[in-house]
Amino acid sequence: MKKSLELFNIAKSLFPGGVNSPIRAAVKPYPFYVKDANGAVLVTVDDVELIDYVLGYGPLILGHKHPKVLEAVEEQLHRDWLYGTPHEVEIELAKKIVSHYPSIDMIRFVNSGTEATMTAIRLARGYTGKNKIIKFDGCYHGAHDSVLVKAGSAVSHYGLPGSAGVPEAVSRLTLVVPFNDVDTLEKVAKENEEDLAAIIVEPVMGNAGVIPPKEGFLKELRRIADETGALLIFDEVITGYRLGIGGAQAKYGVVPDITTLGKIIGGGFPVGAVGGKREIMEYLTPSGPVFNAGTFNAHPVTMAAGLATIEELERGYVYEVANTAAERIAKALEQEAVAKYGGIVNRVASMFQWFPRVEEVSNYSDAQKADKELALRLHEELLKREVFIAPSLFEAWFTSAAHGEDVVDKTLEALSEALKVIS
Ligand SMILES: Cc1ncc(COP(=O)(O)O)c(C=O)c1O
């Protein structure tokens, strides 16, 4: 890893912590640098080939450098890459999403999941004329002020309660309740009904490991939102197109008022989207008073990559391969990791996590009780055996269309070996 070390030493003088997003620095003793990638494999600058279960933290459901995405991007690059005007591909991608998500009549494309949830919350506030939001402990909705309160992902990994620099006046408007706890949610929602604009949730928590909703939980959210006049926002930045074409809302049969998407819909390029009922979406500028704008919104290259990705997803095989891979690895974790060290494996479709040494994980405080160090040791030992999983318990393993049988076989061998030496 000589070249990676050299690069990281330079990076440390250029970027805070040496990186441009905190979780990247959690790979110890220093992050590896990648020069190429293909299918399920990352190639480092030191010519190590790693089987990748991070997949850019979720977007690459087709694997790296899928030929259909590459072709669409190349074609778009030849037409040009920025117009500052509307263009046809944004319409094509929006039509697909609208056809797959019955809760979405209209869309606004932005550049990240962060922008998507920021815009969704502003929209909910503008539409309802109210200010407070409820979020769930350990859910991560990006890096903006309103949602950096008890957030998951890197916020949890680094043990932060939130973020410095967020004014208390802003965090006071964000009420936090435990996931899968209807009674507390109902109590807090009713107490704050007068000023409650929205309930925002990751329908399957994917930033505190993987935590599925309990039977009926999301339906109760719908009921409580209706009874209190709050809008229900499903943050499907991870789950959208990952749990299936129609995301978590199709899987669990619950219709949110606003959906945020990201990751997969950009095919690996920067993206976010806010979608919802026409009546709500028309509140966005220029048709309404809630401001949103962006130089790069609906970037042509992103739209082309997203469209090619979704067209491939419509063929069905992707979910079959990715889910089978996830199922096999999750089963191996149950048979080997849980058998040896205890714990539980939570899996939904092609995302999963092993929580060592706990019996059940149905909310963030359960996840906190798991053995984080042991999870990290597994990351370290797998990396030595050329398998890359996220360097944190508060992330997920993701699989893709490129994680076929051979790739999984190799992974299972590495996993068995790694599990022998962690403790
Ligand atoms: C559920 C969820 N919402 C929002 C975000 C923020 O997206 P981005 O990193 O594209 O800003 C993430 C990122 O991981 C996420 O997992």
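These legends accompany close-up views of a predicted model.

**View 1**

**View 1. Helices α2 and α11 side by side.**
Two packed helices are described by the angle between their axes and the distance between the axes. Here, helix α2 (residues 67-79) meets helix α11 (residues 300-313), with axes that come within 8 Å and cross at roughly 150°. The two helices α2 and α11 are therefore roughly antiparallel, and their crossing is right-handed. On the α2 side, the contact is made by Lys68, Val69, Ala72, Val73, Glu75, Gln76 and Leu77. Facing them from α11 are Pro300, Val301, Ala304, Ala305, Leu307, Ala308, Thr309 and Glu312. Sorted by class, the contact of α2 with α11 has ten nonpolar, three charged and two polar residues.

**View 2. Helices α7 and α8.**
In this view, helix α7 (residues 182-191) packs with helix α8 (residues 217-228) at an angle of about 15°, and their axes are 10 Å apart. That angle is under 35 degrees, which makes α7 roughly parallel to α8. The crossing of α7 past α8 is right-handed. Look for Val182, Leu185, Glu186, Ala189 and Lys190 in α7, which meet Phe217, Glu220, Ile224 and Thr228 in α8. The contact of α7 with α8 comprises five nonpolar, three charged and one polar residue.

**View 3. A four-stranded open sheet.**
Follow the strands across this sheet in the order β1-β2-β3-β13, and you will find mixed pairing. At its edges are β1 (34-38) and β13 (387-388), each of which pairs on one side only. Strand β3 (residues 49-52) pairs with β13 in the parallel sense, over two bridges. Isoleucine 51 is a handy landmark, as it stands opposite valine 387 in β13.

Strand β12 (residues 351-356) runs antiparallel to β14, and two bridges join them.

Most residues other than glycine have a negative phi, and most peptide bonds are trans. The spots below are worth a look with that in mind.
- The peptide bond from lysine 28 to proline 29 is cis, with omega near 0°; proline 29 lies in the loop between α1 (2-14) and β1.
- Threonine 285 and proline 286 are also joined by a cis peptide bond, with omega near 5°; proline 286 sits in the loop between α10 (278-281) and α11.
- Lysine 150 has a positive phi, near 45°; this residue is found in the loop between β5 (132-136) and α5 (154-157).

How values were computed. Residues are numbered from 1 along each chain as its sequence is written. This is a predicted model: local features need pLDDT of at least 70, side-chain atom pairs count only at pLDDT 80 or more; totals for chains, interfaces and linings use all residues. Axes are lines fitted to C-alpha atoms, for helices over the stretch in contact, and angles run from 0 to 180 degrees between N-to-C directions. Angles under 35 degrees count as roughly parallel, over 145 as roughly antiparallel, 65 to 115 as roughly perpendicular and the rest as oblique. A crossing is left-handed if the near helix is turned anticlockwise from the far one by less than a right angle, and right-handed if clockwise. Two residues are in contact if their C-beta atoms, placed from the backbone, lie within 7 Å. Ala, Val, Leu, Ile, Met, Phe, Trp, Tyr, Cys and Pro count as nonpolar, Asp, Glu, Lys and Arg as charged, and the others, Gly among them, as polar. Two strands pair if DSSP finds at least two bridges between them.
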